[in-house]
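Dear colleague,

Please find the structure we discussed below. My notes on it come directly after.

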Amino acid sequence: MHRRILHIDVNNAFLSWTAIYMLKNGAQIDIRTIPSIIGGDESKRSGIVLAKSPIAKKFGIVTGEPIYFAKKKCNNLKIYKGDFATYKYYSKLFYNILIQYSDKVERFSIDECFVDMTNSLKDRDIVDIAYEIKYRIYKELGFTVNVGVSSNKLLAKMASDFEKPNKVHTLFVNEIESKMWPLNVADLFGIGKKTIPKLLKMNIKTIGDLAQTDQSYLIKKFGKFGNMIWEHANGIDNSPVEENNQPPKSVGNQQ
């Protein structure tokens, strides 16, 4: 049986969840519609941008940069502190919708989950279900998600990273060559920043270049990691969706 996997990723989770919380508690402005960021303590040198609104992005503000530099790019930037309790609350509501569709839901991070729909389709089309989940989350919870649809976790995750926000994308095996291979090799899930210069030196610029590189050569160069990235570039991933209902204990950087 062909597996049917969804990857659901909340669009700009920290900022969206903060905005919804504020609106529910009397705020007059939706911070998603102004130049705003979620950041750490700006009085400390370590204060960085955790998330930014679409308008803040237009000013060139990027996730991970010091708040000090972000403020220099935009004079009227509004800064809001992150609140892990709020994130956990909305993450739980998000998860509660997903478990209505399958008993195999894996929390991959606080704002993204894999859902194995293989045995839960009930003669329904997987893409229709993806659109239904996207619609319900927005209607019931007030924030948008991207949904990736495929036959394994890797391809579903890659699909959900295509054009954002509020989109459903498929990436089935027969679509790898047209949709995934033209992408920059840095876009392949699992490739770290240190590996990219090494691949570029080998004249591997796209995911397609990597997929068509001799597998044994990559293993010789990188060991087991070389085998993994070759498999990923060719859309191979047999890892199961592992049921996991525990929210993460901390918040990493948002992209």
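Predicted model: local features only at pLDDT ≥ 70, side-chain atom pairs only at ≥ 80, totals over all residues.

Overall form. The secondary structure of the protein chain consists of 11 helices and 8 strands. Its C-alpha trace spans about 55 × 50 × 30 Å along the principal axes. A compact globule of 255 residues would have a radius of gyration near 18 Å, and the 20 Å of the protein chain agrees with that. Of the 255 residues, 48% are buried. Among contacts with a separation of 6 or more, 56% are between residues 24 or more positions apart.

Cores. The largest nonpolar core has 39 residues, and the members that touch the most others are Leu6, Ile8, Phe94, Leu98, Ile137 and Phe143. At least two residues of this core come from each of β1 (5–10), α1 (13–24), β3 (49–52), α4 (84–98), β6 (112–116), α5 (126–141) and β7 (145–150). Leaving out residues up to four places away in sequence, Leu6 touches Cys113, Phe114, Val115, Met117, Ile126, Ile129, Ala130, Ile133, Val147, Gly148, Val149 and Ala156. There is also a second, separate core of 24 residues, with Leu188, Ile191, Ile204 and Leu218 among them.

Helix α4. This helix has 15 residues, and the distance from its first C-alpha to its last is 21 Å, close to the 21 Å expected at 1.5 Å a residue. The buried residues of α4 are Thr86, Tyr87, Tyr90, Ser91, Phe94, Tyr95, Ile97 and Leu98. Seen down the helix axis, the buried residues of α4 fall within an arc of 165°, so they line one face of the helix. Ala85 and Tyr89 are exposed and sit on the face of α4 turned away from the buried side. Two of the buried residues in α4, Phe94 and Leu98, are also among the core members listed above as touching the most others.

Asn227. Apart from neighbours within four places in sequence, Asn227 is in contact with Gln215 and Ile219. Asn227 and Tyr90 are 137 residues apart along the chain, and 38 Å separates their C-alpha atoms.

Best regards

Notes. Residues numbered from 1 in each chain as written. Heavy atoms only, no water. Core = buried A, V, L, I, M, F, W, Y, C linked by side-chain atoms within 4.5 Å. Buried < 20%, exposed > 50% of the residue type's maximum accessible area, 1.4 Å probe, protein only. Helix = DSSP H or I, 4+ residues; strand = E, 2+ residues; numbered from the N terminus. Contact = heavy atoms within 4.5 Å. Expected span 1.5 Å × (residues − 1). Arc of directions from axis to C-beta. Rg over C-alpha atoms; globule rule 2.2 N^0.38 Å.
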